Amino acid sequence: MGMITLTIALPLLGALAIGFIGDDRRNVKVVALAASVAAFVASLVLVWQFDVTDPNLQLVERFTWIPTIGAELAFAVDGVSLVLIVLTTFVTPLILLASWDDISDRMHAYTAAFLILQAAAVGVFAATDLLVFYVFFEFTLVPMYLLIGIWGGAGRKAAAVKFFLYTLLGGLLMLVAILYLYAQTGTFAYDAIRQVDLSLTEQRWLFVAFVLAFGVKVPVFPLHTWLPDAHTEAPTGGSVFLAGILLKLGTFGLLRYALPLFPDATIELAPWLLAIAVVGILYGAIVALMQSDIKRLIAYSSVSHMGFVVLGTFALNVTATSASVVQMVNHGLSTGALFLLIGFLYERRHTRQIAAFGGLAKRVPIMAGLWLLVSLSSLALPGLNGFVGEFPILLGTFQTNRLAAVLATFGAVLAALYLLWAYQRMFHGPLEGADNEHTTDLRPREIGVLVPFVVLIVAIGVYPQPLFDVVEPAVERVLVEVGVSDGLPLEPAAVTEEG
Amino acid sequence: MAIDWLAIAPEVALTVTALLVLAADLALRGDAKQLVNPLAMIGTVVAIVFAVVLWAEAPRVAFEGQYVVDSFAVAFKLLFLGTLLAILAISARYFAEGRYFQGEYYFLLLTAFIGMLLMPSARDLLVLFIALETVSVPAFVMVGMRKRDLYSSEAALKFFLIGVLSAALMLFGMSMVYGFTGTTRLEGIAQALAGDAGSVPLLLGSVMLVIVGFGFKISAVPFHFWAPDTYAGSPLPVAAMLAVASKAAGFAGLLTIAFVAFEPVADVWAPVLGVLAILTMTLGNLVALQQRDLIRLLAYSSIAQAGYMLIPFGLARPGAEVVNQAAVRAVLFYLIAYAVMNVGAFAVAIGVNRRTGERSIRDYAGLGTRSPLLALAMTVFLLSLGGAPLTVGLWAKFAIIEAVAVEVTVFGLVMASFLVVNSVIAFFYYLRVIREIWFEPAAAEAPRLQPALSLSVVVVVLMVGTILLGVLPGLVADPTVVTTFATGG
């Protein structure tokens, strides 16, 4: 059994063990933490085994699955999937640590759901068989549905159903497209399906089916309407996982499947996707500006930030597309940390209305400091991780589509506005009201959970090169398959020439 | 003429069991009467053993080609016998506590299943008709078994009238088919239809009449309206039998008659059945959205499921062997999956209903705390009925879309897109039940549920089956690949 299988199997075994332990909080915690940390260690071994110079899918692991239709349980990683797998295994134990004490009802089921979710997400990133990919992709729905529905806020029931049905519809369209590809090629293997020649008409239809499936997940405008509800109603841990990992399934899918499988359609339809991305960036930012609920504000900011990722992906050059992968990680870290902070604040105050807070910085300096740092990371302050993602995206997009890049820049400006304005209203100003007076600062456990996030936020911001080194070869491979890259990184000279 | 006893061994075993059950019911007194249930189970297990033996021996031809035991037939027989075993297990307490007439019930149940075993083997119009009636007539009585309940009587009457009407239509169609082709043998009819007779409008009309007769059995729209009332009125194990086994028998008959006898005129009936598929799934799902009673919800959901299973019929084309085989395979696989998950759902409904008489969806509130086993199982079954990943239901839908993709046509894609949209609609009401089970608190006076051992075993086995086949669909997909119909020599 290879490391990828182990990374998927360990959390599943943990969930199974929890099923046998039942409602015994202490033992459940030990098992859950052990399983998720073990998966993290396994994924680190994966990093160690990984050959950075090889752009192809490597560390292949395959098992026979459904022989009659030739589907295999086939896993492998490239740079893109590797960083996302590590992000997943990194975030899950922290989420568990941060959130399980708030869960009074059926905590064992809660942790088991998270472990299953983690395994499914890793499965999505590692699958190299379209059927395996589909099964994992869709299966993430079930635990997330239960997480939102059982442990969520007041509007949890409607939000859970909306989340489920939206994503299901997209997924089923993709299933039809996958089966069409299967009928053409007789296989579900990613490598074999990439070789098949499709007419432009076929490509267009299949591309649209895949983009719809992934677009719901990302979510791109106008398929985003499930997201604010799901994010807001989910329990803290659910929001963190949703923003940190599940949204990335969509952008990962675009890069791994929609682009290289349908290159002609990609080139033809890329301007449309750039347009949709820009609308999403601006729309998400403007709506975020108007929110009175801080969690909803961050939810809409996700629409805006994920718009940047889509923009970079369809800018179709190595600079922008690699940066969009880095930005996936960044968004996972900074939005994940923000949702954790919101969760901690909500535990203390049981409200998320921005207007209810004010002048908190005097009472909770540590929380205020961390909040500011994470907000700055999210709005792409140079020196923090958001900048090293967003800036190359804009730079690269400028090469292919200047208008899109210029308009998207306004999104970055608006991000500074809504994040800092929210921070200012909540933490600065006069300290009024007994509630604000008596808000307590973060406890050591909570700080401990946030520290790994902050360390990575700063580390990636200061020295992003290792991350780019892992990601770039795989992105280049995809772009060469699309036929837009000669495999060379962007020359600075080209910028001056065009400008 | 020597009779090939092995070929009909499962049927013989069930017949003997049925008679023994009847006799035992007369001979036994009081609580001893409950022994008829284990007796029936033993008989079923014997029949299953024979069917497994036949699997290795297939194909066998008996009664001068009117009766064929090929792998298609054996697959169906195993499906029926497995369902029978599950229904017997979930019936035990239900009937023992309900003070119903147990001996009669078990006798009738076994008789109906004898008819089902005959169905996929029949290669002659008359044998088909006899098989169909052997399924229907005991069912009429079983539906009305809760005689003191007005709804049960209404259910029985409705079911009876519509059943008789459909049988009459079918018999009328069969007689005309015989008149035109001069034979009741399915292969003979196929030959005649392939020749000149195939273009006679009246003959095509009678072909449609025969198909309509099966339409009632599988509760396809517009012949569906008996199903919800009948399911809701009949004893729950009988409803499970009607929703699963009887429907599968209808599909077995429809598959044989459509793909053996009427294959040369597939271009006439395929579009009709395709349109019926779209109507059936859409109407079934839309009406299911409105239901408050779980049994009625399952009834409409099973109408919708019949719609999905009709899609492959809409793909059939004369002479296109690859497409037709893929279609038969898809229906067969869907039926197996459907049997596992739907019997499971009914079993949980019986477990909840038994002590409390509850059947409204609201009564399932907080089932997660009242009986974690039943709650978890119901969740798995409903997710599977919807087609969620890692349940067998996904692969059932997969099989159908796969059949569509064998040779892509516009009509095929239209049907597939209806399947997609309907799957989403269906999830809406399946999730409503799941929501009650997990998200809502239990009512204060709601008792904890302690399902009977036999019912728990059935529920656990079916739940494990749903997930196991969901993870490894190859376990049944491989054997059922054989879908060519053996011809009666």
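Predicted model: local features only at pLDDT ≥ 70, side-chain atom pairs only at ≥ 80, totals over all residues.
Local features rest on pLDDT of at least 70 and side-chain atom pairs on pLDDT 80 or more, while totals for chains, interfaces and linings use all residues. Side-chain values use heavy atoms, without hydrogens or water, and residues are numbered from 1 along each chain as its sequence is written.

We can start with the hairpin. Strand β1 (residues 58–66) of chain A pairs with β2(A) in the antiparallel sense over six bridges; strands are DSSP runs (E, at least two residues), numbered from the N terminus, and pairing requires at least two DSSP bridges between them. One of the bridge pairs joins A:Gln58 to A:Val77 in β2(A). Four residues lie between the two strands, and A:Gly70 takes a positive phi near 70 degrees in this hairpin. Of the seven residues in β2 (residues 71–77) of chain A, five are buried (under 20% relative accessible area, 1.4 Å probe, protein chains only).

Turning to the domains, chain A is divided into domain 1 (1–261) and domain 2 (262–490), with bounds from an automatic or database domain assignment. Their contact takes 59 residues from domain 1 of chain A and 56 residues from domain 2 of chain A, where contact means heavy atoms within 4.5 Å. The C-alpha centres of these two domains lie 21 Å apart.

Five salt bridges are counted between domain 1 of chain A and domain 2 of chain A (a side-chain nitrogen of Lys or Arg within 4 Å of a carboxyl oxygen of Asp or Glu). A:Arg204 and A:Glu268 also meet through their side chains in a salt bridge, at 2.7 Å from N to O.

Key
Chains lettered and ligands numbered in written order. Buried < 20%, exposed > 50% of the residue type's maximum accessible area, 1.4 Å probe, protein only.
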